[in-house]
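Student: I would like to learn how to read the features of a structure. Could you walk me through one, please?

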Amino acid sequence: MLKLNIPDMTCGHCAGVVTKAIQSVDAGAGVDVDLKTQTVTIDANSDGAAFTQALEVAGYPATISAAQ
């Protein structure tokens with residue numbers, strides 16, 4: 001499990017773009033978006049850096065949360 005903070009994610013459209021970017025790295029990834037806390041939890045075996053890079057390209061810079 002990987003938890004990312006995405007401060008620019010504020011609406012349903014944002015959540016969709018974020019989910020698509022994550023699944024472009026790992027199509028089988030489980031994605032749980034929480035707009036209220038602007039976090040996303042990813043259930044996948046891929047590297048966190050790959051997800052943050054894909055999100056950066058999609059326009060949603062993310063940081064890996066300390067609490068995983």
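Tutor: Gladly! Axes are lines fitted to C-alpha atoms, for helices over the stretch in contact, and angles run from 0 to 180 degrees between N-to-C directions. Helices (H or I, at least four residues) and strands (E, at least two) are DSSP runs, numbered from the N terminus. This is a predicted model, where local features need pLDDT of at least 70, side-chain atom pairs count only at pLDDT 80 or more, and totals for chains, interfaces and linings use all residues. Residues are numbered from 1 along each chain as its sequence is written, and side-chain values use heavy atoms, with hydrogens and water left out.

Student: At what angle do the axes of helix 1 and helix 2 cross?

Tutor: The axes of helix 1 (residues 12-25) and helix 2 (residues 48-58) cross at roughly 135° and come within 9 Å. Helix 1 is therefore oblique to helix 2; angles under 35 degrees count as roughly parallel, over 145 as roughly antiparallel, 65 to 115 as roughly perpendicular and the rest as oblique.

Student: Which residues in helix 1 and helix 2 meet?

Tutor: Contact means heavy atoms within 4.5 Å. From helix 1, Val17, Val18, Ala21, Ile22, Ser24 and Val25 meet Ala50, Phe51, Ala54, Leu55 and Ala58 of helix 2.

Student: Which residues does Val18 touch, not counting residues up to four places away in sequence?

Tutor: With those left out, Val18 touches Ile6, Met9, Leu55 and Tyr60.

Student: Where is Gln38?

Tutor: Gln38 sits in the loop between strand 2 (30-34) and strand 3 (39-43). Its phi is near 55°, a positive value in a residue other than glycine.
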